[in-house]
Amino acid sequence: MALITVSNAQLAFGHVPLLDHTALSLESAERVALIGRNGSGKSSLLKVLAGLDRLDDGVLQLQQGLRRTYVPQEPEFAAGISVFEAVSQGVAEAKSLRERFELHAPHEDLDALQTRIEALDGWTWEQRVDEALQRLSLAPQSLLATLSGGMKKRVALAQALVARPEVLLLDEPTNHLDLDGIDWLQGLLLDWPGALVVVSHDRAFVDAVASRIVELDRGILRSYPGSYASFEASKARELQDEALANARADKLLAQEEVWVRKGVEARRTRSVGRIGRLQRLRAERASRRDRVGQVRLELDAGLPPGKIVAELSQVSKAFGALQVVSDFSATILRGDKIGLIGPNGAGKTTLLKLILGELAADSGRVRQGSGLQVAYFDQMREALDLSATLADTISPGSEWIETGPARKHVMSYLNDFLFSPARANSPVSTLSGGERNRLLLARLFALPANVLVLDEPTNDLDIETLELLEELLQGYAGTVFLVSHDRRFLDNVVTSLIAWEGDIGPPGFWREYEGGIEDWRTQRGRMPASRVSAEPAAPPPTASATARKGSAKLSYREQRELDELPARIEALEAEQIHLNVVLADGSLYASEPQRAAQMAGRVAELDEALMAALERWELLASR
């Protein structure tokens, strides 16, 4: 029996049907990826499945006693609480019932309380919370207000996991997560024993996690078993068949419209029947929901800059005791498309500002090329005035937009980005997250620029717009700096990567690689061997020493130490990542300089401890 069944579902926002007499079912242990265009109603459907919203009409059936947990795009928590308190909210019922049981109030039915507590596994809720915190590398006493967006998303996931739901509903879970965080989430969901419905535009993530693709297109839910690549092939065939059927219907309607205008012999039965068919064709054409057109993206590459965009030689930058960039050298040429990757808080924005001359280096030399025209895409959308209209945001004080040799009216330009003329005078505050990103792209592309800086442009954009943006950037003649955690997008756009490698090198260590994410992972996998080969060769051992080494076996204590080392290394790395995140924005140095210095010292100690643990593990493993 299905866990959740939706039949004849109807849901509308204003005059637009988001769900139009459609159906969906979710089986036990099934992993479904829900995809569709921005504004198609995916988040609304997810809230209906979670029980937070109701259908206008139709039936939602649930298996009796079904436990569902919903994690929104932007989790919200009470002010001033710790991570432990936030995660404990996932077991709020079990916690409350146990407290009531332990009070032994005379009016309570203790047998009923005990039965319910056992059903919720509530006697050990603290242990469940501690296990989730450890698994997600979260410090229980940290205040939520001090955490980054990615860490807050981890807290929300931990809160959902401790509830042990049978159905987990996730809305854009990869937003604000770095590459390591996305890999971690993939592994977590692949091991998840319950059913999953996830809304995501990250194609690599969908391919890795989902066992079925469900597309919400013009109010109808269509199911496609298998991977995203299989969905793409099936969808292309469906759209081609639909276009042919619509073309035949339109041709027949046009022929009948010509016939009816020539005059009708109303008394003849054949003519009466033909008029009836014409009326049905008109009704079908009026009720048809045509597929919304694609975004039309064009970029004005501005004036050509010099051959060199920037040249950095042994550049370093630190904030207090935190070394963000250490001895970095690179040459950026015109037309390069460079991706910057690293954990949240590693310093990607700082490195970008150094490259573009917006921040002075502590040491080293930075030289910018001539004639640079830089345009920014800000992931926080701070450039958008929520009270301004869409037209004023794109072209303040003018009805026309100059894009290279072309000149467009602002209404036509907005229509290229799927904003109807009726919405041109609406405030930005009325737009969804994906629509705001689309508006920001429209504003960005209206500016002449030969250097584009795109900070997380893929968040909230639907897959079709992402693919069009990929094509645009591939053909763009200027230079692109791209900060993104969308692996497929990076692989399809960039020519090289600048990656943070402070985990295997000194603090603030960055290295440039040719190619995309997969190339970087392949090359990085060879790094330990390269580093060993680059070290001075040790003197060759004597024959007797070689014999002793070959015959030596691990003692019981050494074998136990080898078994425990991976967990110790993982714990050290987790603590190091947490400290780097807390120190990353520099505010702690101003508010609590003594604590910041202590934490920075601890980071240095962790570096040494990690190196010693890795060397010890390598030595024992080789024996």
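Helices (H or I, at least four residues) and strands (E, at least two) are DSSP runs, numbered from the N terminus. The structure is a predicted model, in which local features need pLDDT of at least 70 and side-chain atom pairs count only at pLDDT 80 or more, while totals for chains, interfaces and linings use all residues. Residues are numbered from 1 along each chain as its sequence is written, and side-chain values use heavy atoms, with hydrogens and water left out.

A search of the whole structure finds 3 cavities of 30 Å³ or more; a cavity is a set of points, on a 1 Å grid over the protein atoms alone, where a 1.4 Å probe fits but cannot get out, and lining residues have an atom within 4 Å of a point. The largest cavity holds about 130 Å³ of space. Its lining comprises 15 residues, of which Thr174, Asn175, Asp202, Thr458 and Asn459 are the closest to its centre.

The second largest cavity holds about 50 Å³. Its lining consists of Ile4, Val6, Leu24, Ser25, Leu26, Val32, Leu49, Val197 and Arg212.

Helix H6 (residues 149-162) has 14 residues and spans 20 Å from its first C-alpha to its last, close to the 20 Å expected at 1.5 Å a residue, where the expected span is 1.5 Å times one less than the number of residues. In H6, 11 of the 14 residues are buried (under 20% relative accessible area, 1.4 Å probe, protein chains only), including Met151, Arg154 and Leu161. Just after H6, Arg164 adopts a positive phi of about 50°.

Key. On a 1 Å grid over the protein atoms alone, a cavity is a set of points where a 1.4 Å probe fits but cannot get out, and a pocket is an open set with protein on both sides within 12 Å along at least five of seven lines; lining residues have an atom within 4 Å of a point. Grid points are joined across faces, edges and corners, and a volume is the space filled by probe spheres set on the points. Buried means under 20% relative accessible area, exposed over 50%, partly exposed in between (1.4 Å probe, protein chains only).
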